[in-house]
Amino acid sequence: MTTSTSVTGPPPFARELLRWRTARRVSQLELASRAGTTQRYVSFIERGRSVPGREIVIRLAESLGLTLRERNALLLAAGYAPAFAESPLDAVALKPVREALDSILEGHLPYPAVVAGPRGELVAANEAFDVLAEGAAPELLAPPVNVLRLALHPRGMASRVVNLDAWGQHIVENLRARAVRSPDPLLDALVEELAEYVPASEPGADYLGFAVPLRLRCAEGELRLLTTLTSFATAVDVTLAELHLEAFLPADRETAEILRKRAADRA
């Protein structure tokens, strides 16, 4: 008589927890301390010797700094339903958000501002967006517009960006860092595409000392713009959590005057 022994590895949640903990470079002890449990229990979970409850799965995901989408995926791996809704942007529940975004975009005039998704998908923009889209190839402005591709593509803004090397490299490196923190094959592909558009960069006079300005040529002269990013830090909906507002501010008086005059001409 012959016998066979089958060896099964750790369950899906155990593998995912170990993968994320390794990616975040967090020890079992540190993760346990953050999540309010013990190193022994975390070790048992990762070896498949303990089955975690829903609450501890959520605490572990929060302690690892996972996005809402990643937290949902970790819950599914543990056999639980997702904790966070993913509503369409046109859902009734998000109407107050849409109205707030529209108000912010309008209030930022005469300066450009856009709302974009996690991979640069344009969601909304104010009227001053025209200075960014000026002269871009029609295919880059056809929905769905990707503002990252528009910014760095040779047929987009790139031909008008004076400091494409420094400014473009700044965008690409920020995206790379995000892709490392939250792996996403689609974002990886976009990063590689955008990197091909950006020439080699060396820090130099284009730095203001605290930020890399966008130096953009337009019909009226050269604009020097600073960018700010705003996200919904307290969001409990996946769609909302993945949106960000990028607002451009003038870095000098000449830029402010050009943008104010463009706004007056549009009125």
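Which residues is C218 in contact with, leaving aside its neighbours within four places in sequence? In this predicted model, the residues in question are V131, E134, R160, L223, I258 and R262. C218 itself is found in strand β3, which covers residues 214–218. Its relative accessibility is 12%, and C218 therefore counts as buried, the limit for that class being under 20%.

R262 is found in helix α13, which is made up of residues 253–266. With a relative accessible area of 10%, R262 is likewise buried, because that value is under 20%. When neighbours within four places in sequence are left aside, R262 is in contact with D130, V131, E134, C218 and E220. The side chains of R262 and E134 are also joined by a polar contact of 3.0 Å.

R71 has its place in helix α5, residues 68–77. Its relative accessible area is 18%, so R71 is buried under the 20% limit. A polar atom of the R71 side chain lies 2.8 Å from the backbone oxygen of L66. Beyond its neighbours within four places in sequence, R71 is in contact with A61, E62, L66 and F84. L66 is therefore both the residue whose backbone oxygen lies by the side chain of R71 and a member of this contact list, where contact means heavy atoms within 4.5 Å.

Helix α5 also meets helix α1, which spans residues 12–24. The axes of the two helices come within 8 Å and cross at roughly 145°. On the side of α1, the contact is made by P12, F13, E16, L17, W20 and R24, while α5 contributes E70, L74 and A77. The residues of this contact divide into six nonpolar and three charged, with no polar residue.

A further pair of helices is formed by α2, residues 28–35, and α3, residues 39–46. Their axes are 8 Å apart, and the helices pack at an angle of about 110°. The two are therefore roughly perpendicular to each other, because angles of 65 to 115 degrees are counted in that way. The crossing in which α2 passes α3 is right-handed. Q28, L29, L31 and A32 of α2 make the contact with Q39, V42, S43 and E46 of α3. These residues divide into four nonpolar, three polar and one charged.

From E46, the reader may turn to a position in another part of the model. L101 and E46 are 55 residues apart in sequence, and their C-alpha atoms are 42 Å apart in space. L101 has its place in helix α6, residues 95–107. Is L101 buried or exposed? At a relative accessible area of 6%, L101 is buried, since the value is under 20%. Not counting residues up to four places away in sequence, L101 touches V115, F232 and L243.

Terms used:
Residues are numbered from 1 along each chain as its sequence is written. This is a predicted model: local features need pLDDT of at least 70, side-chain atom pairs count only at pLDDT 80 or more; totals for chains, interfaces and linings use all residues. Side-chain values use heavy atoms; hydrogens and water are left out. Helices (H or I, at least four residues) and strands (E, at least two) are DSSP runs, numbered from the N terminus. Buried means under 20% relative accessible area, exposed over 50%, partly exposed in between (1.4 Å probe, protein chains only). A polar contact is a pair of N or O atoms within 3.5 Å; within protein, one must be able to donate a hydrogen and the other to accept it, and residues adjacent in sequence count only if both atoms are side-chain atoms. Axes are lines fitted to C-alpha atoms, for helices over the stretch in contact, and angles run from 0 to 180 degrees between N-to-C directions. Angles under 35 degrees count as roughly parallel, over 145 as roughly antiparallel, 65 to 115 as roughly perpendicular and the rest as oblique. A crossing is left-handed if the near helix is turned anticlockwise from the far one by less than a right angle, and right-handed if clockwise. Ala, Val, Leu, Ile, Met, Phe, Trp, Tyr, Cys and Pro count as nonpolar, Asp, Glu, Lys and Arg as charged, and the others, Gly among them, as polar.
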